[in-house]
Amino acid sequence: MKLSVLGGGKMGEAFIAGLIAAAAAGELESARSAVAESDIASPARRAGGSVTVGKSDIRVAEVDPDRREYLETQFGIATTPRADEAASGASAILLAVKPGDVPECLETCRDALDPSTLVISIAAGIRLDTLEAHLPDRQKVVRAMPNLGATIRAGVSAYFASSSLSEHDLDVTEGILGAVGPAVRLAEERLLDLVTAVSGSGPAYVFALAEAMQAAATEGGLSEETAYLLVSQTILGAARLLAESGPGSPGGLTAAQWREAVTSKGGTTAAALAVFDEAGFEEIVVRAIESARARSAELGS
């Protein structure tokens, strides 16, 4: 399958690296995560499909010549400064330019698109109707939201697709998005604003917690190096427990159950969590996510 990546920045690179690595290992499958049935368009609709995109199948459009040289050297792929040239003959397009560059980019390659070409946009905040306005009539379009973890193939993506997409189109979409982590299809586009607030902005919330924990550790007398190691490994271990031993695993636990399991009555963890409760920790997080969701909706309007 021929894939055109429009935009060779960090996120575009993440998908290129993921797809090439998966093709080389022969491991790429359509990725789906366990979510509430009310959130997804067609729960348990299929077991999944597969798509293989090797380095010879990828062409990248990138205006920065230094970036083009880097991508060619790093991955052995073809690049061009022209979006229309990259889009010509592509089976699918991954739109990975900055949101403000989307209209011009799509207009540039509009005439080069085949009616069967699938366009997958990961440009934050650009809604489906905006994408469609800059594309030929009845072009197949998907709007997706990956997150920072994609850069190390540990991300998660959610996407919204119009009902006109075929089963094959959905398999291709999930195959491409699945190169960097699980992907889920949403039943409503408006839910992408919430996804943006939860998982799109989510890494920053974890970094903020890590920053505060490290500050407490260094103020208490630990070196910066030791504090960083303790905090980063603690977060990594907790994240792996959530991801690998969660509700979907045999004997797995929810986040609340894990918290309860490591909290002894009258112990140190209980003392710390009591401070969280007094400060309204859960309410703060809920308010923060709602603020991010509202801002995402505002930016996309």
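1. Start with Glu188, which is partly exposed, with a relative accessible area of 35%. Its side chain meets that of Arg190 in a salt bridge, 2.9 Å from N to O. Arg190 counts as exposed, at 53% relative accessible area. Keep in mind while reading on that this is a predicted model.

2. How many salt bridges does a search of the whole structure find? The search turns up 11. One of them pairs Asp57 with Lys2, with the closest N and O atoms 3.6 Å apart. Asp57 sits in the loop between α1 (10-25) and β2 (58-61), while Lys2 belongs to the segment before β1 (3-6), so this pair ties together parts that are 55 residues apart in sequence. Have a look at the two ends: Asp57 is buried, with a relative accessible area of 17%, whereas Lys2 is partly exposed, with 41%. The cut-off for buried is under 20%, so Asp57 falls on the buried side of that line.

3. Arg110 has a relative accessible area of 24%, so it counts as partly exposed. Glu107 is partly exposed too, with a relative accessible area of 39%.

4. Now the second largest pocket. Its volume is about 610 Å³. The pocket is lined by 26 residues, and the ones closest to its centre are Gly7, Ala96, Val97, Lys98 and Asp101. Which element gives the largest share of this lining? That is helix α4 (residues 102-109), with three residues. Sorted by class, the lining of this pocket holds 15 nonpolar, six polar and five charged residues.

5. A search of the whole structure finds one cavity of 30 Å³ or more, and the largest cavity has a volume of about 30 Å³. The largest share comes from β6, with three residues. By class, the cavity lining has five nonpolar, two polar and one charged residues.

6. Is helix α6 (residues 167-177) largely enclosed or largely open? Nine of its 11 residues are buried, so α6 is largely enclosed by the rest of the structure. The buried residues of α6 are Asp169, Leu170, Asp171, Val172, Thr173, Glu174, Gly175, Ile176 and Leu177. Note that Asp169, Asp171 and Glu174 are among them.

7. Leu209, Met213, Val275, Phe276, Phe281 and Val285 form it, and together they have about 470 Å² of accessible area. The elements giving two or more residues to the patch are α8 (202-219), α11 (268-278) and α12 (281-300). Phe281 has its place in helix α12. How exposed is Phe281? At 40% relative accessibility, Phe281 counts as partly exposed.

8. Last, two backbone spots to check. Most residues other than glycine have a negative phi. Arg138, although not a glycine, has a positive phi of about 65 degrees. Arg138 lies in the loop between α5 (128-133) and β6, and with a relative accessible area of 75% it is exposed. Arg153 also has a positive phi, near 60 degrees, and is likewise a residue other than glycine. You will find Arg153 in the loop between β6 and β7 (157-161). Arg153 is partly exposed, with a relative accessible area of 37%.

Technical notes:
Residues numbered from 1 in each chain as written. Predicted model: local features only at pLDDT ≥ 70, side-chain atom pairs only at ≥ 80, totals over all residues. Heavy atoms only, no water. 1 Å grid on protein atoms, 1.4 Å probe; cavity = no way out; pocket = protein on both sides within 12 Å on 5 of 7 lines; lining within 4 Å. Points joined across faces, edges and corners; volume = space filled by probe spheres on them. Helix = DSSP H or I, 4+ residues; strand = E, 2+ residues; numbered from the N terminus. Nonpolar A, V, L, I, M, F, W, Y, C, P; charged D, E, K, R; others polar. Patch = residues over 30% accessible without salt bridge, like charges linked within 9 Å, V, L, I, M, F, W, Y side chains within 5 Å. Areas by Shrake-Rupley, 256 points an atom, 1.4 Å probe, with all protein chains shown as cover. Salt bridge = Lys/Arg side-chain N within 4 Å of Asp/Glu carboxyl O. Buried < 20%, exposed > 50% of the residue type's maximum accessible area, 1.4 Å probe, protein only.
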